[in-house]
Amino acid sequence: MAGSRFPSSGLNVLRPTAFGVDPSGERMERIRRSPHFGDGVFQNPGGTARTRPSGSMLEFAKVFFDKDTRPLRVPGGTVPVHPTTYADLAKPPATGLRLTWMGHSSALAEIDGHRVLFDPVWGERCSPFPFAGPKRLHPAPLPLAALGPVDVVVISHDHYDHLDLPTIKALAGTDTLFAVPLGVGAHLEHWGVPADRLRELDWHETTKIGGLTLTATPARHFCGRGLRNTQHTLWASWVVASQEHRIYHSGDTGYFDGFKDIGAAHGPFDATMIQVGAYSDFWPDIHMTPAQGVRTHLDLQKGVPGGVLLPIHWGTFNLAPHPWAEPGEWMKDAGDDVGQTVAFPRPGQPFEPAGDVPVEAWWRTVSGRVPRTWQAPRSTEGGSTTAKGDLDLAGER
């Protein structure tokens with residue numbers, strides 16, 4: 001395997017290319033000047049976030065490998081991927097804004113004549129190794145080359161399920177630009193992306209690409225790809241705005257009050273893409289539950305339901321102890337509870353937020369029973385649905 005040596009190790013250990021490289025030189029000097037960098041690492045809004053599972057590893061292992069709940073973490077059948085084609089995406093959206101969720105956090109946004117690709121992951125595994133690590137639970141809806149030209153690729157942070165080496169290498173051979181958080185450009189240059197195609201931003205910094213304004217906004221998460229996590233690459237959420245539309249991509253984040261500030265400065269939004277999967281009580285600071293995702297959307301909308309919420313970061317990889325279908329079911333309840341429109345497209349299904357929004361619970365065709373451990377919508381309490389109980393999805397087909 002091609003690689004370079006760890007600079008600080010006396011052992012001749014090869015560093016896989018997928019690990020990327022640590023920032024250095026002028027890039028590192030810029031990082032040190034960031035107001036969000038202190039004590040040698042990037043700092044989270046709201047103070048330190050726990051980035052490792054709380055409690056003992058034995059407690060976590062008991063939950064993660066439980067023989068009764070483990071089967072619920074994967075679909076019971078074939079995920080119904082929408083057969084997207086280049087022709088589907090070649091016709092401009094009638095309303096000027098169209099979103100296509102490709103699975104997990106990958107999404108194509110077509111916004112007033114521009115095409116933005118968020119966190120593209122077309123690889124088979126989110127891992128530095130092709131033979132190990134979480135494997136896709138459904139195929140990519142279409143080949144990467146079939147997307148057609150992309151104006152800008154936006155990366156939220158450098159974790160493997162958001163920054164994928166084979167995908168970036170494929171995109172490096174095009175003329176697309178890349179908007180990335182501070183420090184992440186070091187990985188991309190190492191993988192063949194020319195420096196003049198990088199737009200590397202700190203939180204609250206903005207770049208213009210064609211008729212779009214892209215702003216890196218705060219998130220509550222962490223970074224790292226190699227054995228040594230130096231915390232020298234930033235994580236971010238993103239605002240993308242044209243003259244007519246505004247959209248938001250959360251990246252990975254825990255809930256924090258700063259979403260209200262983002263909404264006040266940049267909202268309201270026509271659509272938000274909010275991380276609502278891979279949550280756990282073991283890491284509450286760095287990922288959000290569906291209920292927190294709805295709360296985040298409302299914060300971004302200045303407290304009033306509006307626009308469309310597209311749940312992301314679920315359905316594609318098995319990364320947490322919760323059931324595979326739980327984010328969809330919980331999000332459906334949480335959105336209904338406040339009257340917020342939530343889009344549930346199949347992976348690869350294009351839709352326009354101002355048009356016909358897909359709301360069918362498609363996952364129920366391949367999911368088993370989902371224990372409801374969250375509060376049911378107020379509209380169903382006292383009726384046939386209880387606040388806590390089982391969703392027998394097989395009986396609802």
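## Basis of the description

This is a predicted model, in which local features need pLDDT of at least 70 and side-chain atom pairs count only at pLDDT 80 or more, while totals for chains, interfaces and linings use all residues. Residues are numbered from 1 along each chain as its sequence is written, and side-chain values use heavy atoms, with hydrogens and water left out.

The buried residues of helix 7 are Pro290, Gly293, Val294, Thr296, His297, Leu298, Asp299 and Leu300, where buried means under 20% relative accessible area, exposed over 50%, and partly exposed in between (1.4 Å probe, protein chains only). Helices (H or I, at least four residues) and strands (E, at least two) are DSSP runs, numbered from the N terminus. The elements that cover these buried residues include strand 14 (246-249), helix 6 (258-266), strand 15 (271-275), strand 16 (308-312) and helix 8 (326-338). After helix 7 comes Lys302, which has a positive phi, near 60°.

Strand 16 contains Leu309, which is buried with a relative accessible area of 0%. With neighbours within four places in sequence set aside, Leu309 is in contact (heavy atoms within 4.5 Å) with Gly293, Val294 and His297, among others, and its partners also include Thr272, Ile274, Met331 and Val342. The C-alpha atoms of Leu309 and Gly335 are separated by 8.7 Å, the two residues being 26 residues apart along the chain.

## Salt bridges

Side chains of opposite charge can pair when their charged atoms come close. With a salt bridge taken as a side-chain nitrogen of Lys or Arg within 4 Å of a carboxyl oxygen of Asp or Glu, the count comes to 10 salt bridges. One of them joins Glu200 and Arg27, whose closest N and O atoms are 3.0 Å apart. This pair links distant parts of the chain, with Glu200 in strand 10 (residues 198-201) and Arg27 in helix 1 (residues 25-33), 173 residues apart; both Glu200 and Arg27 are buried.

Glu110 and Arg98 also form a salt bridge, at 2.7 Å from N to O, and here Glu110 belongs to strand 6 (residues 106-111) and Arg98 to strand 5 (residues 97-103), 12 residues apart. Glu110 is buried at a relative accessible area of 5%, and Arg98 is buried at 7%. A further salt bridge, with an N to O distance of 2.7 Å, is formed by Arg364 and Glu329. Because Arg364 lies in the loop between strand 17 (350-351) and strand 18 (370-372) and Glu329 in helix 8, the pair ties together parts that are 35 residues apart in sequence. Arg364 is partly exposed, with a relative accessible area of 22%, whereas Glu329 is buried at 1%. Salt bridges that share partners also join Arg27, Glu189 and Glu200 into one network.

## The second largest pocket

The second largest pocket holds about 480 Å³ of space. On a 1 Å grid over the protein atoms alone, a pocket is an open set of points where a 1.4 Å probe fits, with protein on both sides within 12 Å along at least five of seven lines, and lining residues have an atom within 4 Å of a point. Its volume is the space filled by probe spheres set on the points, which are joined across faces, edges and corners.

Of the 20 residues that line this pocket, Tyr279, Ser280, Asp281, His322 and Glu326 are the closest to its centre. The lining divides into 10 nonpolar, 7 polar and 3 charged residues, where Ala, Val, Leu, Ile, Met, Phe, Trp, Tyr, Cys and Pro count as nonpolar, Asp, Glu, Lys and Arg as charged, and the others, Gly among them, as polar.
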